[in-house]
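Biologist: Could you take me through one part of this model up close, rather than giving me the whole tour?

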Amino acid sequence: TEYYAVPPGSVLIRTVATSICGSDFFGKNSADWRRPLEYLKTAQGFCGGSGHEIIGDIVDVVKPCKLCMGQRVLAMSSIYIQIVADLRCEFEKETNVKASVLPKQGGFAEFFVSHTCTCFPIPSEPPYKGFDPLWYVLAQPIGTVVHACKKLNSVIGRNIAIVGQGQNGLIMTQMIAGMGAKRIIAIDLLPERLEVSKKFKATHTILFSKDNESVRKEVEEITEGKMCDLVVEMVGHQNKTIELCTQLSKEGGSVLLFGLPPAEDEPGMTISMKNFHGNTNFICSHSPSKECFQLAIEFLEQGRFDPSPIFTHRMPFAEDFPEAFDMASEYKNGVIKILVTFDRSNKAVL
């Protein structure tokens, strides 16, 4: 067993469930997860990859600690604490030490280290009939969408396009619908995802099957020539999507960049002179606060967000994680989101 000099309030989490985010598909922290599990058990560097959508049970603590053994929590992995500015600042303010003292661990593992200031208690029992308590794992991505929406002006009566209808795109679609938008135009490459968009209150759907211009024409028709007040980019790799977003925006409109930017080995984001002249306002969204995750948990508890259409698959970590990762990254078998479950009796010590 390896020991780390972690500060009081640190907790060892036994993972109960996790899920795979689009941001796990690229970047230096995700590369190892394309390899067999046997390799991962001995790999140097990051343990647990970039996994950051996690719920688990506290199995050990460094006292004094505000949370107790056995408490189930939505937990932020140590690598996520180190990357996300608000959480990093919260940790360093609470502990008076740098977040770099934490081991570099993600949530694609049976155990990982977190801290009470970045853990959120959740019930292990369903808040209402038909709710699976493992669905609380979705509070992490919902929290990031809450953070993005807090950056927006009122969308009441506005025309909104949402480019990308993966898990976060669908969450954003329902969030924008609840905020009172007039038209919500969901755009994606996969027709089965657009069917789910309708369940999440999209008023219009567009299948991207040709080119940017064909999509622009459809949006122009839907909005009666006004185009969109706001376009939300939910795909990432904006070197491929930013031009479309600016084309769908009205002059002086806004583009919210939610998806992660291009990886280091990809071309950077570019915008044409023609679309530059449209005076588009670009809004970046990163580093959600603790309050966003707490609010997301409340949304789920109160039944204000139904996760059931998003979770299309359920797979065990030990046996099927490589297959689950491939399925999610290659959009196989109608996947939107996979709930990865853990069931074992291993023990670990902090």
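Is phenylalanine 317 buried or exposed, and what is its relative accessible area?

Modeller: Phenylalanine 317 is buried, with a relative accessible area of 9%; buried means under 20%, exposed over 50% and partly exposed in between, using a 1.4 Å probe on protein chains only. Before we go on, bear in mind that this is a predicted model, where local features need pLDDT of at least 70, side-chain atom pairs count only at pLDDT 80 or more, and totals for chains, interfaces and linings use all residues. Residues are numbered from 1 along each chain as its sequence is written, and side-chain values use heavy atoms, with hydrogens and water left out.

Now the surroundings. Phenylalanine 317 sits in helix 11, which covers residues 317-329. Helices (H or I, at least four residues) and strands (E, at least two) are DSSP runs numbered from the N terminus. Along helix 11, the buried residues are Phe317, Phe321, Ala324, Phe325, Met327, Ala328 and Ser329. The helix also bends by about 30° at glutamate 323, the bend being the angle between axes fitted to the seven residues ending there and the seven starting there. After helix 11 comes tyrosine 331, with a positive phi near 55°.

Together with strand 12 and strand 13, helix 11 makes a right-handed β-α-β unit: with the strands pointing away from the viewer, the path from the first strand over the helix to the second runs clockwise. Strands 12 and 13 run parallel and are joined by 5 bridges, with phenylalanine 311 opposite lysine 337. On strand 13 there's also strand 1, paired antiparallel over 3 bridges (pairing takes at least two DSSP bridges); here alanine 17 partners threonine 341. Since 5 of the 5 residues of strand 13 are buried, that strand is largely enclosed by the rest of the structure. Lys337, Leu339 and Thr341 point one way from it, Ile338 and Val340 the other.

Then the rings. The structure holds 10 aromatic pairs, where rings of Phe, Tyr and Trp (its six-membered ring) pair if their centres lie within 6.5 Å, and planes under 30 degrees apart count as stacked, over 60 as edge-to-face and the rest as tilted. One of them is tilted: phenylalanine 200 with phenylalanine 305, 5.6 Å centre to centre and 55° between the planes. Both of those phenylalanines are buried. Phenylalanine 317 pairs with phenylalanine 342, and with centres 4.5 Å apart and planes at 15°, that pair is stacked. It links helix 11 to the segment after strand 13, 25 residues apart. Phenylalanine 342 is buried too, at 11%. Ring pairs also gather Phe108, Phe317, Phe321, Phe325 and Phe342 into a cluster.
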